[in-house]
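Below are some notes on the sheet and the salt bridges, for reading beside the model.

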Amino acid sequence: MSGTDIIYLDYSATTPPYPEVVRFYCERLLASYANPASTHQLGQEARKTLEQACSQMANLLDCQPREIILTSGASESINTALKSFFPAGRVWSGGLAVCAGEHAATRETAETLARNGVVVHTFGLTATGAIDLESVAAALSEKPLVISYMLVNNETGAIAPVAEIAALRNKISPRTKIHIDAVQALGRLPLSFKQSKADLMTLSGHKFGAPRGIGLLIGRKNFAITPLIAGGGQQENRRSGTENPPLAEALVLAMEKAVNSAAAESERIAGLERQLNALLFVPGSGLSPVCTATKVPHIVSIRTPGLRGETLANALSAEGIMISAGSACAARKAAASPILRAMGLTDKAAREVVRISLGRNTGANDIEVAAAALLKVYNQLSR
Ligand code: PLP
């Protein structure tokens, strides 16, 4: 099967990098190789490059350049953000509030912290896939040090009620800080760090067309980060390790492209989502949408009663159509998706779900071919 035969519908797992960004990155790797901590001329040029890249990111994200920490990806950002509230050897004056339907990076961090004695307050999802605001209020009444949630759910596409959560925080527990995992939102929704009212925000380059291996943690000025990685004290001691200015430049280029095309792309993708829904969710197909909450159009999660998502995804893969059973991270685990379980799906139902996620190279023909193949395979294999 050649690359051109493939229909890639797994953009939430990762996006193909923009070819021009990869080419630019390779050129810059060759040209700007000095260590930005070196005091010689080349090192200083590399430092300037890095600083300029952070300024450009800050402009695009509506934050200050000094608020940006470059990481290896979102998992590191989330670990750094949440663990910063609970440094070892101190008495913590509150716990952590997280959604039961979080990405594994947050859930596993919360579990690690819980094993270290941190009290974790969990809030839920409703059956529609939306964050349950009543349980957010209950979690906030425990006065946690931080509350963390995903802006766009990576499995269902549900959009979090950012303003309502901030209002609840202000009313119930004004000292609680907010961390937003905005990984699935960049390039899909307008994103402003300032307007989000978050104190911390996580992003990941490979979800918007940058090369893999770079993510961001944005932390409000004066927020004390406890570094996960100790060493040479780079990035103002918040994240040690030699920085990679060309990768930061490549990230900027991808971010510009993703942010500048977001409005037009979401309209185009909404059209593809309508097309997909009209093909799949017809009387007698047996399929139904998992998420009925306000959602982004690029993630479509589908209930496939009587057929495990994994079986369906594997059968489509053999036909050159790449989709996921739940999220890529969850797919490798034996347990049913905690996100779907948090929505109230039984263990069996949560395993009978596939996720299709669309992106910049997806066209109407891909949708037509994928929907026909999905219906065919589902009819053949479901019992
Ligand atoms: N958060 C969300 C919502 C995600 O979708 C992902 C990736 O699947 C992550 C965090 C982890 O991102 P990374 O692969 O950059 O560590």
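1. This is a predicted model. Start with the pair Arg 308 and Glu 310. Arg 308 has a relative accessibility of 41% and counts as partly exposed. Its partner in a salt bridge is Glu 310, with 4.0 Å between the closest N and O atoms. Glu 310 is also partly exposed, at 43%.

2. Lys 376 and Glu 319 form another salt bridge, with the closest N and O atoms 2.9 Å apart. This pair links distant parts of the chain: Lys 376 belongs to helix α13 (residues 364–381), while Glu 319 sits in the loop between α9 (309–318) and β11 (321–322), 57 residues apart. Lys 376 is partly exposed at 38% relative accessible area, and Glu 319 is partly exposed at 37%.

3. Glu 243 and Arg 47 also meet through their side chains in a salt bridge, at 3.4 Å from N to O. Arg 47, at 23%, is partly exposed.

4. Over the whole structure, the search finds 16 salt bridges. Beyond the pairs above, Arg 169, Asp 199 and Arg 220 are joined in a network of salt bridges.

5. Turning to the sheet, there are seven strands in an open arrangement with mixed pairing, in the order β2-β8-β7-β6-β5-β3-β4. Which strands stand at the edges? They are β2 (68–71) and β4 (120–123); each has a single partner strand, so one side of each has no neighbour in the sheet. From one strand to the next the twist averages 20°.

6. Within the sheet, β7 (residues 200–204) pairs with β8 in the antiparallel sense, over five bridges. In this pairing region, Ser 204 is opposite Gly 215 of β8.

7. Two helices that pack on the sheet can be described together. Helix α3 (residues 74–83) touches β2, β3 (96–99), β5 (146–150), β6 (177–181), β7 and β8, and its direction makes about 165° with that of β7. Helix α4 (residues 104–115) touches β3, β4 and β5, with its direction at about 150° to that of β3.

Notes. Residues numbered from 1 in each chain as written. Predicted model: local features only at pLDDT ≥ 70, side-chain atom pairs only at ≥ 80, totals over all residues. Heavy atoms only, no water. Buried < 20%, exposed > 50% of the residue type's maximum accessible area, 1.4 Å probe, protein only. Helix = DSSP H or I, 4+ residues; strand = E, 2+ residues; numbered from the N terminus. Pairing = 2+ DSSP bridges. Axes fitted to C-alpha atoms, helices over the stretch in contact; angles between N-to-C directions. Contact = heavy atoms within 4.5 Å.
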